[in-house]
Amino acid sequence: MKLQRNGRSKALAIGAMALVSSLSLAACGSDDNNTTATGSGGSSSAAPAIDCGPKQAPLVSAGSTAQGNAIDILKNNFGAACKDTTINYGGGGSGAGVQQFNQGKIQFAGSDSALKPAEVDASKAVCTGGQGINLPVVAGLISIVYNVEGVDNLVLDGPTIAKIFDSQITKWNDPAIVALNPSAKLPDADIQAFHRTDDSGTTENLTKYFAKTSAGAWSYPASKAWAGKGGQGASGSAGVSAQVKQVKNSVSYAELSFAQTNNLKSASINTGAAKPVEATAVNAANTFAKAQIAGTGSDLALTLDYATKDEGSYPLVLVTYEIVCDKGNKADTLDALKAFLTYSISDAGQKAIGDAGYVPLPKELTGKVTAAVKALA
């Protein structure tokens, strides 16, 4: 099977279990080929070294907070091997990252949604002779995190989630939630929903899911900016996760690694499959296995099926693109950029972030990203 472009019928070829379990643990070495780095802090003498390149100016980046935990792991591992390279990642949300990239302030941006045509046009001002492209590097799933005492296996569906976040459902024992959870002891308590205040690609992916699955309950267009009624806001994935951890009878949405870090419960999703789908990396990998490439040339933007009803396919997924110039990158950071992205998409890099709750991307896709990184100029 092959990656398909622009809606062709064949899906990404690879079994989901293989995506999570078959990645071999390579490691990146120092300039003298003696240093290795792994996700767990160990080393592997058989692992190939990575070419760190010459000493360069610090690599500065910002954007998606959903990939924040992944970037911390990747830059720490890479930095242990490539001690002459400094990588700074500022977070701030996908919208802020794209804005800073198109202002020429950073070398790459992390965004949980691909560049829009107007943003590509704007990037040409800073990518001399080229333009911004989308390289999928970090994949994950959006967990519907909740804090309801005595409820351990909450099940929700698209219309119900949309209504909760738009204040159309305001009680935990609402008939719609009870119908999905007939054996749960749901309290007669107000729902406290939290959403992102910053322009967020996670929000855009959530609202794309609503557009496909809410049966019209979500009446707003998919967007990085929050549009739902009511609820309270917090900044970043860490911010909404912290609020859910602290506030009883609350609910929000965050990348799975933040749910794991904060010991938060994640709802299963009733997609119409035979049984509700749990928020796990394996189930998200089933969805990514069928992603299709929508971009052209070296742009590798993906189309994801948020409305999947396939058994064991978790529908609420996201991919974080590292947005870079295909041409016109700054000479004093280009080698560092290529080296870091090459490590990030390698077996070692994907295994390291996979251990933290992210979803390793299909091998065929990582090969295409590696080739695109090699061609950056």
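**Figure 1. Salt bridges in the predicted model.** The structure, which is a predicted model, holds 11 salt bridges. Side chains of opposite charge can pair when their charged atoms come close. One of these contacts joins D190 to K171, with the closest N and O atoms 2.9 Å apart. The two residues belong to distant parts of the chain, since D190 sits in the loop between α6 (175–180) and β6 (192–196) while K171 sits in the loop between α5 (158–165) and α6, and 19 residues separate them. D190 counts as exposed because its relative accessibility is 51%, whereas K171, at 30% relative accessibility, counts as partly exposed.

**Figure 2. The salt bridge of K290 and D310.** Here the side chains of K290 and D310 meet in a salt bridge, with a distance of 2.4 Å from N to O. K290 lies in the loop between α10 (281–288) and β11 (292–293), and D310 lies in the loop between β12 (302–303) and β13 (317–325), so this pair ties together parts that are 20 residues apart in sequence. K290 has a relative accessibility of 42% and therefore counts as partly exposed. D310 also counts as partly exposed, because its relative accessibility is 33%.

Figure 3. The side chains of D347 and K363 meet in a salt bridge of 2.9 Å, taken from N to O. This pair links distant parts of the chain, with D347 in helix α12 (residues 347–354) and K363 in helix α13 (residues 363–374), 16 residues apart. D347 counts as partly exposed, because its relative accessibility is 23%, and K363, with a relative accessible area of 34%, is partly exposed. Elsewhere, salt bridges are linked in a network that takes in K116, E204 and K224.

**Figure 4. The largest nonpolar core.** In soluble globular proteins, nonpolar side chains tend to be buried together. In this model the largest nonpolar core has 106 residues, and those with the most contacts inside it are L135, I144, L154, F165, I177, V251 and F340. Strand β4 (residues 132–147) gives the largest share of this core, namely 10 residues.

**Figure 5. Strand β13 and its two faces.** Is strand β13 mostly covered or mostly uncovered? The strand is mostly covered, as 9 of its 9 residues are buried. In a regular strand the side chains alternate between the two faces of the sheet. Along β13, the residues V317, V319, Y321, I323 and C325 point one way, while L318, T320, E322 and V324 point the other way, and all of them are buried.

**Figure 6. The strands that pair with β13.** Strand β3 (residues 108–111) pairs with β13 in the antiparallel sense, and this pairing extends over 3 bridges. Within this region, G110 of the chain stands opposite E322 in β13. Strand β4 is also joined to β13, by 9 bridges, and these two strands run antiparallel. An example of a bridge partner in β13 is Y321, which is the partner of P136.

**Figure 7. The disulfide of C52 and C82.** A disulfide is a covalent bond between the sulfur atoms of two cysteines. A search of the whole structure finds 2 disulfides, and one of them is formed by C52 and C82, whose sulfur atoms are 1.9 Å apart. The pair links distant parts of the chain, with C52 in the loop between α1 (16–21) and β1 (59–63) and C82 in the loop between α2 (68–81) and β2 (87–92), 30 residues apart. The link of C52 and C82 is left-handed, with -70° about the S-S bond, and both cysteines are buried.

**Figure 8. The disulfide of C127 and C325.** A disulfide also joins C127 to C325, with a distance of 2.0 Å from S to S. The torsion about the S-S bond of this pair is about -70°, so the disulfide is left-handed. C127 lies in the loop between α4 (117–123) and β4, and C325 lies in strand β13, so the pair ties together parts that are 198 residues apart in sequence. C127 counts as buried because its relative accessibility is 0%, and C325, at 5% relative accessibility, counts as buried. When the bonded cysteines of the chain are numbered in sequence order, the pairing is 1-2, 3-4.

Key: Residues numbered from 1 in each chain as written. Predicted model: local features only at pLDDT ≥ 70, side-chain atom pairs only at ≥ 80, totals over all residues. Heavy atoms only, no water. Salt bridge = Lys/Arg side-chain N within 4 Å of Asp/Glu carboxyl O. Helix = DSSP H or I, 4+ residues; strand = E, 2+ residues; numbered from the N terminus. Buried < 20%, exposed > 50% of the residue type's maximum accessible area, 1.4 Å probe, protein only. Core = buried A, V, L, I, M, F, W, Y, C linked by side-chain atoms within 4.5 Å. Pairing = 2+ DSSP bridges. Disulfide = S-S within 2.5 Å.
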